[in-house]
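Me: I have a protein model open and would like to learn how to read it. Could we go through it feature by feature?

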Amino acid sequence: MSSGLNRVIICLALLFLPSLTLAATDDFTIRAFVGDDVTAPTVPVLESVVPIASSQIDIAWSTSTDDWIFGGYVLWRDNLPIATTTLTSYSDTGLTPETLYAYTVYAFDEAGNISATSSTLSTTTLGVPVVATSTPPVDSPPSGTRVVTLKSFLLEEDKTFAWLTWETNMASRFSLRWGRTDAYTGGYIENETYLMGHRTKISDLEPGTVYQYELIGYTPTGIAVSLKKGDFTTLSQDINRVVPNVERLTAAVEGDDVVLNYIIPPTEVGARVRIVRSHLGYPTDLSDGAIIYEGAASTWRDPGALVNYEKQYYTVFLLGSDGSVSSGAVVVALKLGVVGIPGEPGKSVATSTEPGLNQPPEIILSRLTENNIIIKQGGKQFSFIDESISLSYSQPFTILIPKTALPEHLKSIIVTLLDPTDQRRSYTFLLRINKSGTAYEATISALDVVGVSRLQIEVYDFKQLVIGRYRKQIDFVREEKVEAEVVFPDLLIEPLKVTGVITLGLVGLGFIGWFLFIWRRRAEDKN
């Protein structure tokens with residue numbers, strides 16, 4: 001059977017598949033490849049194998065390309081596979097000193113095709129360090145000794161964690177210890193890989209607390225140097241502070257680049273964003289993926305994001321000036337030519353632009369009822385059980401679900417809101433646990449447009465399967481303001497003038513009547 005006929009049959013099957021009635025079964029995913037992919041990726045070229053220490057060799061190779069969906073690389077050492085990666089470099093650690101090692105690499109795609117193996121490069125690890133790595137660190141090494149020094153250092157505090165990022169003048173490994181005193185009893189991190197650029201995270205800290213730390217660097221020859229000593233204070237936690245998400249987040253694909261555009265709410269003076277990316281799913285917190293940008297820009301280009309992946313997931317967190325963090329606005333970017341998978345987080349499966357039409361059936365969780373899905377705006381509160389929900393178009397609103405109404409195996413909750421002015425467009429947000437740990441929340445900035453929208457909430461488990469889906473029509477309306485009548489002083493004076501004239505006239509008439517009455521009585525008495 002010809003390849004063209006094969007493609008026609010597969011396309012017809014995919015066309016009529018949704019109309020078939022299937023028996024009840026567990027959720028599953030079908031991926032169909034139309035046609036045969038028999039072309040292997042190009043052969044990667046080993047560019048360098050460099051001994052860094054007595055136990056480490058760094059390997060680098062060129063980038064391979066593929067005509068369909070590229071998979072990655074498999075690195076071999078002495079005819080044994082040691083790593084599968086999508087990167088073009090690798091640090092091989094745990095090696096034996098003064099030992100010769102040989103390396104090769106090949107590429108593969110998602111159809112299972114593999115390239116030819118690269119040529120072999122070999123090198124020998126360094127000898128055992130003369131100075132033991134357990135030697136206490138020195139603040140001022142002897143003159144002329146080649147030691148590790150800092151080229152840059154950055155410490156970023158949050159409420160319950162801190163990030164340390166630094167660069168050294170040479171490949172080095174490090175150890176880091178911290179605590180509330182200079183005894184550093186809070187914790188300890190040791191890294192055995194020799195690098196020039198380092199980044200590590202200190203977790204499980206208390207908000208609003210002072211911590212002291214010491215960072216020690218080690219050369220490949222074993223000389224230990226105290227690189228940095230200091231202290232930092234974690235941010236205080238304000239349980240009443242709610243930060244809205246960025247507005248109108250969109251992703252545009254330009255070649256293999258992804259351009260993100262969004263609006264920082266004008267009410268958040270001094271706020272900045274942090275953009276976190278992952279090809280596995282939406283990042284759910286500030287460090288759940290690759291941090292590609294942090295700053296106050298309203299647009300960001302992620303160059304080459306889709307070179308090795310057919311899709312990338314982005315979460316844009318808004319960081320308030322007081323350290324508070326929004327729940328996160330999310331968007332997915334698909335490589336040009338790749339069709340989105342119906343039902344994936346944040347993607348509508350509707351084929352009509354009219355709200356409520358051609359929608360998949362709602363999936364109801366036993367513990368989560370429509371009464372538990374709450375919307376707050378100002379002093380008003382609604383739930384999905386209400387017959388109608390009308391919100392002001394000019395005010396932010398908060399979506400809230402109590403933690404007790406959700407299953408323990410929850411991965412994420414995705415909220416999608418249709419644009420009232422163009423329902424082919426939608427904006428998606430994460431619901432994250434609030435600071436008090438009682439509910440999952442997201443605050444959405446004012447839309448500033450009047451119209452009918454649809455709010456969709458999807459609950460995902462750790463297998464990225466939809467285990468709950470709920471929808472509700474939302475009407476964004478203008479508020480009817482009852483304005484008090486403004487009365488100016490000059491307007492009050494005129495009525496008083498008129499009233500005064502009338503009053504004086506009545507008093508005058510009364511006096512004249514009384515005078516005539518008395519004069520008449522006296523005239524009668526004389527007669």
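Me: What is the mean pLDDT of the protein?

Reply: This is a predicted model, so confidence comes before anything else. The mean pLDDT is 81, and 76% of the residues reach 70 or more.

Me: Which stretches have a pLDDT under 50?

Reply: Where pLDDT is low, the predicted coordinates should not be read in detail. Residues 1–34 stay under 50, and the model gives them 13 contacts beyond four places in sequence. Residues 341–358 are also below 50, with 36 contacts beyond near neighbours in sequence.

Me: Let us take one residue. Is serine 175 buried or exposed?

Reply: A residue counts as buried when its relative accessible area is under 20%. Serine 175 has 2%, so it is buried. It is placed in strand S9, which covers residues 162–179.

Me: Which residues does serine 175 contact, leaving aside neighbours within four places in sequence?

Reply: Contacts can join residues that lie apart along the chain. Serine 175 touches Tyr188, Ile189, Glu190, Glu214, Leu215, Ile216 and Tyr218. With tyrosine 218, the side chain of serine 175 makes a polar contact of 3.4 Å. Tyrosine 218 also has arginine 173 over the face of its ring, 4.1 Å from the ring centre.

Me: Where is threonine 200 found, and what does it contact?

Reply: Threonine 200 is in strand S10. Its relative accessibility is 9%, so it counts as buried. Beyond four places in sequence, its contacts include Trp166, Phe174 and Leu176.

Me: How many aromatic pairs does the whole structure have?

Reply: For a ring pair, look at the distance between centres and the angle between planes. The search finds 10 pairs. Tryptophan 166 and phenylalanine 174 form an edge-to-face pair, with 4.9 Å between centres and 85° between planes. Tryptophan 166 counts as buried because its relative accessibility is 2%. Phenylalanine 174, at 5%, counts as buried too. Aromatic residues can also group: Phe153, Tyr211, Tyr213 and Phe232 form one cluster.

Me: How many residues are in the largest nonpolar core?

Reply: In soluble globular proteins, nonpolar side chains tend to be buried together. Here the largest nonpolar core has 52 residues, and Tyr262, Val273, Ile275, Tyr314 and Leu368 have the most contacts inside it. Another core, of 19 residues, lies apart from the largest one; among its members are Leu164, Leu176, Tyr211 and Val225.

Me: What does leucine 368 touch, not counting residues up to four places away in sequence?

Reply: Leucine 368 touches Ile373, Ile401, Ala405, Leu406, Val459 and Tyr470.

Me: Last, the backbone. Which residues have a positive phi although they are not glycine?

Reply: Most residues other than glycine have a negative phi. Tyrosine 184 has a positive phi of about 55°. It lies in the loop between S9 and strand S10. With a relative accessible area of 13%, tyrosine 184 is buried. Aspartate 448 is another case, with a phi of about 60°. Aspartate 448 sits in the loop between strand S26 (439–444) and strand S27 (451–461).

Definitions and conventions
Residues are numbered from 1 along each chain as its sequence is written. This is a predicted model: local features need pLDDT of at least 70, side-chain atom pairs count only at pLDDT 80 or more; totals for chains, interfaces and linings use all residues. Side-chain values use heavy atoms; hydrogens and water are left out. Helices (H or I, at least four residues) and strands (E, at least two) are DSSP runs, numbered from the N terminus. Buried means under 20% relative accessible area, exposed over 50%, partly exposed in between (1.4 Å probe, protein chains only). Contact means heavy atoms within 4.5 Å. A polar contact is a pair of N or O atoms within 3.5 Å; within protein, one must be able to donate a hydrogen and the other to accept it, and residues adjacent in sequence count only if both atoms are side-chain atoms. Rings of Phe, Tyr and Trp (its six-membered ring) pair if their centres lie within 6.5 Å; planes under 30 degrees apart count as stacked, over 60 as edge-to-face and the rest as tilted. A charge sits over a ring if NZ of Lys or CZ of Arg is within 6 Å of the ring centre and within 35 degrees of the ring normal. A nonpolar core is a set of buried Ala, Val, Leu, Ile, Met, Phe, Trp, Tyr and Cys residues joined through side-chain atoms within 4.5 Å. pLDDT is the predictor's confidence in each residue, from 0 to 100.
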